[in-house]
Amino acid sequence: MLRLRSFRLPSYLVLILFSFVAAAPFVWTILASFKTGAEIRQSPPTFWPENFTFDNYRTILNDPDLNLALFYRNSAFVAFANVFATLFTSTLFGYIFAKFEFKGSKKLFWYILATMMIPAQVTMIPGFLILVKLHLLNNLWGLVLPAFIDAFGIFLMTQFCKSIPNDLLAAARVDGASEFRIYRSIVLPQLRPAMATLGLLTFMTHWNAYLWPLIVLTEQDKRTLPIILTWYSNQHSNQIHLTMAASVLIVMPVLFLFALAQRWIVRGITLTGIK
Amino acid sequence: MSASSKIKTSDSKASSETVAKASSRRSSFLTGRKGAERRFVFGMVTPMVLYMAVFSVLPIIWAVALAFFDYSARRTGGPILGLGGENPFVGIENFQKMTDFSAEKPLEVRQFHLSLRTTLLFAFLVVPLNLAITLPLASLIESVHQRMRPLFRNLFFLPVLTSAVGVAIMWGFILSPQRGLLNALISKVVGETTIIAWTSDPSLTVLGIPVSLFAVIVAYLWQDLGYNLIIFIAALQGVPQSVKEAALIDGAKPWQLFRHVTIPLLKPTIMLASVLTMISAFQVFDLFQVMTNGGPNDQTRALSIDIYESAFRFQRMGWAAAVSVVLFLIVLVLSLVQSKLLRSDWEY
């Protein structure tokens with residue numbers, strides 16, 4: 001073990017160096033959001049803001065074209081609706097696939113797993129045409145309805161449900177519990193840790209989603225945060241200080257929450273090895 | 001009473017699955033306890049199957065069908081899915097066009113060739129670069145004090161949680177010609193003002209690969225390496241301490257330990273992580289669209305950008321569907337490799 005300790009100092013040095021690289025984009029963005037427009041245009045650029053200012057934030061929060069509260073609400077609706085739908089269908093069908101066998105159940109399960117291999121670019125064109133037929137373009141439900149069944153979620157929950165003891169389910173049946181009651185009162189509580197992980201991953205996916213919302217939402221006031229951020233950035237391409245402040249306001253608050261819940265997200269990745 | 005039920009559960013009399021199967025044969029079809037289970041399963045699975053017919057099976061069939069038509073959503077077309085009529089069936093013409101390497105090939109074919117090359121370059125550069133960073137980084141993190149490990153791991157994982165649009169905008173600013181951090185640092189080192197347009201100068205190439213593509217690769221590596229890092233850290237924790245100690249007692253240097261003990265032991269994980277990284281690299285859209293939007297001069301037009309632009313900007317959905325089928329076939333082959341890797345048994 002002595003030998004192991006002897007190469008720790010260089011390890012720390014390399015890790016700290018890498019940490020600077022990993023943190024640089026965040027730090028650079030946050031610092032720029034406190035600089036004035038004149039300072040941003042200065043060449044060579046400054047690192048620390050010379051005249052520390054909150055003006056950029058004030059400009060954004062008072063911008064009538066950028067109703068951040070509305071866009072936060074849109075994004076939150078889409079993310080929470082998806083989390084709710086995914087958790088419900090994944091736990092329910094995970095339980096059914098793990099504990100019941102019915103005609104075609106294996107084939108159905110493999111079909112669902114196989115759909116994970118299909119790139120989003122393949123189904124997005126017909127998916128768009130289906131939403132047109134359902135009159136769900138420019139409707140936030142258009143970002144929820146096509147994602148009701150989540151293959152990854154069903155796979156994850158099936159794995160977890162297999163470990164629920166059959167005796168527990170049998171005992172509930174003896175007590176006369178209805179099948180849905182068993183799912184709700186016996187199965188769901190057992191799945192709580194898995195639900196936390198799946199819920200967070202689902203929230204993250206839909207909060208950060210870009211391609212599908214870009215196709216479905218073309219009206220400004222229906223849009224979600226990532227699309228609004230690119231729109232704002234294109235509108236203010238000569239005012240980087242404003243774009244950076246907008247990035248901080250749009251990206252950082254939820255990133256901070258994700259960082260607090262990181263343990264659960266990391267667990268989901270190590271458990272399944274699936275992105 | 002011996003309805004040949006396919007539902008398998010345990011009931012009061014039986015706890016093990018085999019006995020449960022036998023007991024289920026004794027129940028009637030839709031009444032009683034077994035009937036309740038059957039009603040529950042069919043009641044839940046039926047709407048799911050109907051839903052999947054519309055939102056999963058239909059889009060897949062539709063996408064493949066579109067690839068054989070000259071389809072645009074602007075034209076009404078035939079009665080079934082708008083195919084036929086003004087959106088005529090063209091057979092394998094879309095796929096034949098893809099193999100047109102002549103000088104007079106149409107623009108969309110030229111762009112397809114360019115984007116296929118870009119995506120292949122991107123994926124085959126990203127995977128080795130990713131491994132070259134994440135493997136040593138994972139073992140470095142494992143080599144420091146236990147209390148410090150989560151700190152570093154969490155920091156390197158933070159970009160994974162960040163929205164790709166945010167990543168693209170942050171890196172766009174770092175690489176900005178006049179006001180970017182990178183050019184400022186280079187200017188400091190070189191001693192004179194250096195202005196390099198990393199993402200927008202089409203004349204900048206290294207070994208025939210556009211620099212703008214490297215810019216996207218750097219941003220992607222920065223965002224994505226947390227995934228493999230976590231997978232490798234988990235795998236490293238599975239390597240028995242005794243193996244490492246034995247090597248050290250035999251006089252192995254840290255580098256030799258990494259090269260001749262850690263890497264071979266992690267080989268299955270490395271293979272799997274490579275395939276997963278490659279599959280996602282083939283589908284990257286957000287970073288390309290926001291950082292370069294395919295430019296300059298279509299130099300970073302990835303397949304995903306090509307499909308999106310063809311379908312929704314130029315309304316050539318049949319052609320776009322054909323390109324998406326090509327992308328699907330590439331990902332399918334990689335996925336089959338992945339499942340083969342998953343199935344094989346590995347032991348230390």
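**Entry 1: a lysine and a glutamate in chain B**

I started with B:Lys34 and B:Glu37, and both come out buried. This is a predicted model, so I keep that in mind throughout. The two side chains form a salt bridge, with the closest N and O atoms 3.2 Å apart. Why do B:Lys34 and B:Glu37 sit about one helical turn apart? They are three residues apart in helix H2 of chain B, which covers residues 32-66, and that spacing gives about one turn.

B:Glu37 has another partner, this one across the chain boundary: A:Arg173 meets it in a salt bridge at 3.2 Å, N to O.

**Entry 2: the A/B interface**

That sent me to the interface. How many salt bridges are there between chain A and chain B? The count is one. I also looked up polar contacts across the interface of chain A and chain B, and the rule finds 13 residue pairs, both residues at pLDDT 80 or more. On the chain A side, helix H2 (residues 8-32) gives the largest share of what touches chain B, with 17 residues. By class, I noted 70 nonpolar, 18 polar and 10 charged residues on that side of chain A.

For the extent of the contact, 98 residues of chain A are in contact with 99 residues of chain B. The two chains bury about 9000 Å² between them, and 76% of that is on carbon and sulfur atoms.

Over all chains, the structure holds 13.

One of them pairs B:Arg75 with B:Asp70, where the closest N and O atoms are 3.5 Å apart. Are these two buried or partly exposed? B:Arg75 counts as partly exposed because its relative accessibility is 29%, and B:Asp70 is also partly exposed, at 37%.

Next I checked B:Lys97 and B:Glu108, whose side chains meet in a salt bridge at 2.9 Å, N to O. B:Lys97 lies in helix H3 (residues 93-98) of chain B and B:Glu108 in helix H4 (residues 107-143) of chain B, so this pair ties together parts 11 residues apart in sequence. I got 22% relative accessible area for B:Lys97, which makes it partly exposed. B:Glu108 falls under the 20% cut-off, and at 12% relative accessibility it counts as buried.

I also found a network: salt bridges with shared partners join B:Asp298, B:Arg301, B:Asp306, B:Glu309 and B:Arg313.

**Entry 3: a threonine in a chain A loop**

Where is A:Thr53? I found it in the loop of chain A between helix H3 (37-41) and helix H4 (55-61). A:Thr53 counts as buried because its relative accessibility is 9%. A polar atom of the A:Thr53 side chain lies 2.9 Å from the backbone nitrogen of A:Asp55. Leaving aside neighbours within four places in sequence, I see A:Thr53 in contact with A:Ser33, A:Phe34, A:Lys35 and A:Thr36.

**Entry 4: confidence check on chain B**

Last, I looked up the confidence for chain B. The mean pLDDT is 86, and 90% of the residues of chain B reach 70 or more. Which stretch of chain B has pLDDT below 50? It is residues 1-23, and beyond near neighbours in sequence this stretch has 45 contacts in the model. Where pLDDT is low, the predicted coordinates should not be read in detail. I therefore leave the details of such places alone.

Note on methods: Residues numbered from 1 in each chain as written. Chains lettered and ligands numbered in written order. Heavy atoms only, no water. pLDDT = per-residue confidence, 0-100. Contact = heavy atoms within 4.5 Å. Helix = DSSP H or I, 4+ residues; strand = E, 2+ residues; numbered from the N terminus. Buried < 20%, exposed > 50% of the residue type's maximum accessible area, 1.4 Å probe, protein only. Polar contact = N/O pair within 3.5 Å; in protein donor to acceptor, adjacent residues only side chain to side chain. Salt bridge = Lys/Arg side-chain N within 4 Å of Asp/Glu carboxyl O. Buried area = accessible area lost by both parts, 1.4 Å probe. Nonpolar A, V, L, I, M, F, W, Y, C, P; charged D, E, K, R; others polar.
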